[in-house]
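Here is a friendly walk through a two-part model, written for someone meeting it now. Have a look at the picture, then read on.

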Amino acid sequence: MKIKQLCVFLENKVGRFKGVADILGKAGINMTAFSVADTSDFGILRVIVSEPEKSLQLLKEAGYAAGLTDVICIKCPNTAGSLAKVLDVLNEENVQIEYMYAFSMGNIAQVVIRPAEIQNCEKVLEKHGIELVSSDSLYSM
Amino acid sequence: MIWNETIECASREYLSELQSKRLRDCVSRVYHNVPYYRTRMQEAGILPGDIKTIEDIVKLPFTNKQDLRDNYPFGTFAVPTSEIVRIHASTGTTGKPTVVGRTRKDLSIWAECVARALTLSGVTKEDIVQVAYGYGLFTGGLGIHYGVENLGAAVVPASTGNTKKQIQLLQDFGTTAIACTPSYALYLADTIKDMGLDPKKDLKLRVGIFGAEPWTEEMRNEIENKLNIKAHDIYGLSEIMGPGVACDCDYQNGLHVCEDYFFPEILNPETGEPCKDGEVGELVFSSFIEGMPLLRYRTHDLSKIIPGQCQCGRTTRRIAKLMGRCDDMLIIRGVNVFPSQVESVLLSMPEATPHYMLTVDRKGLFDSLTIQVEIKEELYSDNVKDLENFQKKIKSNIESVLGISVIVQLKAPKSLPRFEEGKAKRVIDNRK
């Protein structure tokens with residue numbers, strides 16, 4: 001199950017993230033999870049939003065460089081060692097990961113994964129019975 | 001089409017004869033009517049009688065912008081002010097404005113030269129020409145305006161700014177030619193795209209006449225592709241006349257100079273010695289006109305004479321597309337750097353945009369050059385690696401051309417200044 005992740009180019013300047021948050025907030029779009037990758041000059045905001053297509057359009061209209069990328073999101077118990085098990089599987093099957101970030105709610109942890117090859121990663125996870133989060137449920141979280 | 005075959009296709013002997021005659025006449029008039037020139041010639045030990053042919057021009061002293069400022073406002077006019085019918089002036093951002101006065105005859109010479117330039121660009125009386133240069137003290141707007149009328153085409157005096165209105169006029173009038181600065185042409189192209197219009201389908205534009213700032217061949221390709229037109233380069237400066245001093249033809253290989261009125265020399269900017277044809281140096285112009293002729297005016301523009309005759313059939317000499325200004329040249333750690341070199345590199349990379357700013361800083365004794373470049377929206381990726389690779393590629397391409405190390409910063413689309421009015425200012429030198 002592929003998830004559309006919104007990513008936005010942010011200059012290293014005061015108030016850049018706030019600009020994005022304002023635009024999404026005013027349009028009633030919620031952010032479920034995000035992470036920021038930063039270099040000395042710029043950052044990339046990666047965010048799961050309730051309405052990815054609409055968010056992209058709004059940000060582009062406001063002059064941001066933004067795009068959508070496919071990611072997957074898995075569910076695992078919010079307990080010690082459970083992520084290690086998932087990573088073991090991916091490691092054994094030689095699945096490469098570009099980046100990942102996670103958030104937990106109560107007993108459940110959700111991990112957003114951007115694999116180098118998304119199809120293959122999905123197959124491997126399914127094969128090993130690792131639960132994927134559907135886009136609908138993630139967007140509306 | 002050639003506007004004035006008698007002059008533009010004349011034999012070199014005929015032209016040289018004409019230039020000699022006009023130079024003699026001009027020298028004699030400024031010697032007797034302009035105290036500044038009389039003093040300078042006397043200091044150099046030159047009398048009007050010493051100037052017999054055009055080759056003797058090298059004996060004459062140079063004129064600099066400062067000389068015009070020192071004689072502000074009307075001190076270099078060669079006719080009584082009652083003969084002057086038009087006054088133009090530079091903006092004077094770096095000192096007192098430079099003022100020029102034109103007689104009725106000068107204005108007709110100007111309209112003649114602009115008509116030649118328009119014809120060189122393929123404009124005919126059937127065209128509708130939108131003039132999006134500033135009207136006013138700046139020579140761009142009015143200069144092109146009267147040339148278009150002289151040619152017999154229809155002029156739309158839109159002047160600068162109000163871009164959406166400009167585009168509406170382009171659309172509603174079916175404008176076929178536009179005259180403006182090249183940076184404004186790019187801005188216009190972007191705005192047309194943002195408005196959801198397609199120049200191919202929604203506009204009838206076919207020719208652009210662009211000038212008033214140096215621009216590169218790569219920028220020309222970009223404008224031609226984006227606006228679906230043929231882009232011509234027109235050269236001029238208000239001190240000499242304004243736009244129309246030279247313009248390129250269909251072959252786009254150098255700009256034909258209206259040599260019968262404006263005599264070009266290329267000189268080594270440091271020594272003042274003449275350069276051979278094909279050698280880059282400072283462009284120096286003498287103007288054989290009435291109100292305010294100038295002798296050997298140093299333009300600070302860099303160019304070269306293109307050797308040989310053009311395939312278009314004209315015999316007038318060509319100057320190469322301007323390569324920048326002597327004063328735009330940045331000396332960074334002993335290396336000469338021209339902003340146009342950076343622009344060429346960026347425009348040769350499909351993933352880069354022509355929107356950039358150069359900043360020179362000095363920390364201790366060490367100069368650094370920072371280049372800010374906007375990224376293209378469509379090439380945006382979620383991957384830091386891709387953007388960093390892009391940044392590295394720009395850096396190494398620029399470094400291999402400039403020969404010095406640079407800092408490249410990626411900027412969000414449309415975050416750098418646009419130059420809707422007037423000339424682009426893309427260099428900030430914090431060392432001064």
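Helices (H or I, at least four residues) and strands (E, at least two) are DSSP runs here, numbered from the N terminus. This is a predicted model, so local features need pLDDT of at least 70, side-chain atom pairs count only at pLDDT 80 or more, and totals for chains, interfaces and linings use all residues. Residues are numbered from 1 along each chain as its sequence is written, while chains are lettered from A and ligands numbered from 1 in the order in which they are written.

**Chain A**

Let's begin with chain A, which has five helices and six strands. Reading from the N terminus, its elements go β-α-β-β-α-β-α-β-β-α-α. Along the principal axes, the C-alpha atoms of chain A fill a box of roughly 45 × 30 × 25 Å. How does the radius of gyration of chain A sit with that of a compact globule? For 141 residues such a globule would come out near 14 Å, and the 16 Å of chain A agrees with that. (The radius of gyration is taken over C-alpha atoms, and the globule rule is 2.2 Å times the number of residues to the power 0.38.)

Strand S2 (residues 31–38) of chain A and S3(A) run antiparallel and are joined by seven bridges; strands count as paired if DSSP finds at least two bridges between them. A hairpin takes the chain from S2(A) to S3(A) through three residues. If you want one pair to find on screen, A:Ala33 has A:Ile48 in S3(A) as its bridge partner.

**Domains in both chains**

In chain A, ten residues of domain 1 are in contact with eleven residues of domain 2. Contact here means that the C-beta atoms of two residues, placed from the backbone, lie within 7 Å. On the domain 1 side of that contact, S1 and S2 of chain A are the elements that give two or more residues. Which element gives the largest share of that side? S2(A) does, with four residues. That side divides into four nonpolar, five polar and one charged. (Ala, Val, Leu, Ile, Met, Phe, Trp, Tyr, Cys and Pro count as nonpolar, Asp, Glu, Lys and Arg as charged, and the others, Gly among them, as polar.)

In chain B, the contact takes 18 residues from domain 1 and 15 residues from domain 2. Helix H8 (182–194) and helix H10 (217–227) of chain B are the elements giving two or more residues to the domain 1 side. H8(B) brings the largest share, four residues. That side splits into seven nonpolar, eight polar and three charged residues.

**Inside chain B**

H8(B) turns up again in a helix pair. Helix H7 (residues 163–173) of chain B packs against H8(B) at an angle of about 80°, and their axes are 10 Å apart. Axes are lines fitted to C-alpha atoms, for helices over the stretch in contact, and angles run from 0 to 180 degrees between N-to-C directions. H7(B) and H8(B) are therefore roughly perpendicular to each other, a label for angles of 65 to 115 degrees (under 35 is roughly parallel, over 145 roughly antiparallel and the rest oblique). B:Thr163, B:Gln166 and B:Ile167 of H7(B) meet B:Tyr187, B:Leu188, B:Thr191 and B:Ile192 of H8(B).

Now for a sheet in chain B. Four strands form an open sheet in the order S19-S18-S17-S20, with mixed pairing. Strand S19 (407–411) and strand S20 (427–429) of chain B are the edge strands, each pairing on one side only. Strand S17 (residues 352–363) of chain B runs parallel to S20(B), and three bridges join them. There, B:Thr359 stands opposite B:Ile428 in S20(B).

Two backbone details are worth a glance. Most residues other than glycine have a negative phi, and most peptide bonds are trans. The peptide bond from B:Tyr72 to B:Pro73 is cis, with omega near -5°. B:Asn162 has a positive phi, near 50°, and is found in the loop between strand S4 (154–156) and H7 of chain B.

**Where the chains meet**

Finally, 17 residues of chain A are in contact with 16 residues of chain B. On the chain A side, strand S1 (3–11), strand S3 (42–49) and strand S4 (66–77) each supply at least two residues.
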